[in-house]
Amino acid sequence: MRLELGKPVRCSGDVTGEVADLVVDPVKNRVTHLVVKPRHGTGAPHLVPIELVDAAAEGSDVVLTCTPEELERLPPAEQFGYLRLGEKPPADPDWDIGVVTPLALPYYEGSALDGYASGFGQDLGVIYDRVPKGEVEVRRSSSVITTDGKYVGDVDGFLVDDDQITHFVLERGHLWGRREVTVPIGAVAKVESDKVTVKLSTDEIGALPAHRVHRWPLARDK
């Protein structure tokens with residue numbers, strides 16, 4: 001089964017959202033949850049256990065075995081807070097912090113920085129994702145870093161067999177020349193929130209088989 005970030009998610013036959021992120025147990029190399037973002041950006045994303053994914057479903061969309069109402073009752077993935085410069089989200093005994101997204105800095109007329117606050121002494125609004133203890137979160141823009149410390153592209157998804165990750169999909173290149181490379185999980189040195197480090201060099205990544213990415217917007221409302 002291919003769990004591709006950005007894929008539409010269906011409940012009871014209808015598209016109800018998309019796969020925004022994946023939550024991974026980095027020790028067991030297992031996908032444990034999907035972060036499902038509602039359609040049209042309304043409402044909070046939810047943590048969906050991998051057990052609710054119908055692995056036998058046909059088609060490219062991710063199909064859940066729960067109803068839209070049951071999906072809405074699952075734990076929310078996001079929390080909002082104000083942090084000072086350099087401050088981290090508060091620790092929680094039941095959850096770890098996944099991806100942290102800072103919001104725009106506040107605007108003040110007449111400041112020394114063309115109206116924008118410098119951040120010193122100011123609270124910054126952030127959205128941070130909650131993941132189960134000991135697990136990490138990966139999104140489409142999560143960086144892939146080689147053993148020699150070089151950035152080589154972004155994570156696009158995972159191939160799983162009975163919930164165990166067998167490969168991850170690396171997307172490389174620029175907008176009109178993007179290519180996908182399927183990397184065996186054995187070549188992964190470490191998975192952290194928003195970053196995957198591989199045991200391969202830049203040249204070794206370049207030597208792996210790759211194919212062009214063709215993505216076109218599709219209407220999937222039915």
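Asp163 sits in the loop that links strand E12 (151-161) to strand E13 (164-172); strands here are DSSP runs of at least two residues, numbered from the N terminus. This is a predicted model, in which local features need pLDDT of at least 70, side-chain atom pairs count only at pLDDT 80 or more, and totals for chains, interfaces and linings use all residues. Residues are numbered from 1 along each chain as its sequence is written, and side-chain values use heavy atoms, with hydrogens and water left out.

Is Asp163 buried or exposed? Asp163 is buried, because its relative accessible area is 19%. Buried means under 20% relative accessible area, exposed over 50%, and partly exposed in between (1.4 Å probe, protein chains only). By contrast, Tyr82 lies in strand E7 (residues 78-83) and counts as exposed.

| Residue | Relative accessibility | Class |
|---|---|---|
| Asp163 | 19% | buried |
| Tyr82 | 56% | exposed |

Now for the contacts, meaning heavy atoms within 4.5 Å. Not counting residues up to four places away in sequence, Asp163 touches Asn29, Arg30, Val31 and Ile50. With neighbours within four places left aside, Leu64 is in contact with Val9, Arg10, Cys11, Val48, Leu52, Val53 and Leu71.

Leu64 also belongs to a nonpolar core, a set of buried Ala, Val, Leu, Ile, Met, Phe, Trp, Tyr and Cys residues joined through side-chain atoms within 4.5 Å. In the largest such core, with 38 residues, Leu34, Leu64, Phe158 and Phe168 touch the most other members. E12 gives this core its largest share, four residues. A second, separate core has six residues, among them Ala20, Val23, Val35 and Ala77.
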